[in-house]
Amino acid sequence: MISIRGVAHSIRGKTILEDINLDLPRGGVTALIGPNGAGKSTLLSLVARLQNLGTGTIMVDDLQIGACPDAALARVLAIMPQSAQVSARLRVGEAVMMGRYPWHRGRPGKRDGEIVTETLRLFSLTPLADRFLDEISGGQRQRALVAMAYAQETDYLLLDEPLNNLDIAASRHLMGLLRQMADGGRKSIVIVLHDINYAAAFADRVVVMRNGRIVADGPPGVVITPGLLGDVFKTDAQVHVIDDRPVVLV
């Protein structure tokens, strides 16, 4: 379980997060949604230790963020941040192998190679394995970055806006793959999404943020309502239920 208690965060005196209390249990897909500037990416980066935690505590199983070694955290939690910095002159296969670093520590073995091969297959990247990242499309590069995080082979997978640059077919494929990972592989996936309909269709749970606070938390069918859309997103879009899932009409 990821346990977040009393977390607050400020940047140059501006409050970004305030009094965040949240439990993310093992297994399943949790979607973080909310308007721009709600604090979703900041919360994810604090859990992954990409930013220093000042106020509050975050536990990932028995590891305390800010107190545990980076190497120990990297073996249980992987993140694909919104602005992942990876050298454009890496080949796709090499980038995915980078995800194995917490395990091979610079000396890849047979097991690492097998995991990279399988990951490339899962993400439909095998034909691109020897292509440089700056030679492929933005959507293909985005898939490669998600694959790199997946190859880290952790229980928790945090993804910040993984659907950026993906068309509808690639988005549906990726979300379906994440759903399979959560169901069959028992991974715990926390994903920041802007498209509410993808959150409604694929997530078990939706956490809604606004102005640095959590304002709603629960199953998509309970959380995603016309009232929430009006209050949080300032829109009068209609919500219909199809196959027991809410669909926001634009």
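This is a predicted model: local features need pLDDT of at least 70, side-chain atom pairs count only at pLDDT 80 or more; totals for chains, interfaces and linings use all residues.
1. Contact means heavy atoms within 4.5 Å. Helices (H or I, at least four residues) and strands (E, at least two) are DSSP runs, numbered from the N terminus.

2. Residues are numbered from 1 along each chain as its sequence is written, and side-chain values use heavy atoms, with hydrogens and water left out.

3. The open sheet has six strands, in the order E6-E7-E8-E3-E9-E10, with mixed pairing; two strands pair if DSSP finds at least two bridges between them. Strand E6 (77–80) and strand E10 (213–218) are the edge strands, each with a single partner strand, so one side of each has no neighbour in the sheet. From one strand to the next, the twist averages 15°.

4. Both senses of pairing can be followed in detail. Strand E3 (residues 28–33) and strand E8 (residues 188–192) are parallel, with five bridges; Gly28 has Ser188 of E8 as its bridge partner. E9 and E10 run antiparallel and are also joined by five bridges, and Val207 stands opposite Asp217 in E10. Two residues separate E9 from E10 in a hairpin, and Asn211 in the turn has a positive phi of about 50°.

5. Helix H7 (residues 168–184) has 17 residues, which at 1.5 Å a residue should span 24 Å; its end C-alpha atoms are 24 Å apart, so the two agree. The expected span is 1.5 Å times one less than the number of residues. Asp167 caps the N-terminal end of H7, with a side-chain oxygen 3.2 Å from the backbone nitrogen of Ala169. After H7 comes Arg186, whose phi is positive, near 60°.

6. Buried means under 20% relative accessible area, exposed over 50%, and partly exposed in between (1.4 Å probe, protein chains only). The buried residues of H7 include Leu174, Leu177, Leu178 and Arg179.

7. In H6, 10 of the 14 residues are buried, so this helix is largely enclosed by the rest of the structure. Among them are Gln142, Arg143, Leu145 and Met148. The buried residues of H6 pack against E6, helix H3 (92–98), H5, E7 and H7. Just after H6, Glu153 has a positive phi of about 55°.

Conventions. Axes are lines fitted to C-alpha atoms, for helices over the stretch in contact, and angles run from 0 to 180 degrees between N-to-C directions. A polar contact is a pair of N or O atoms within 3.5 Å; within protein, one must be able to donate a hydrogen and the other to accept it, and residues adjacent in sequence count only if both atoms are side-chain atoms.
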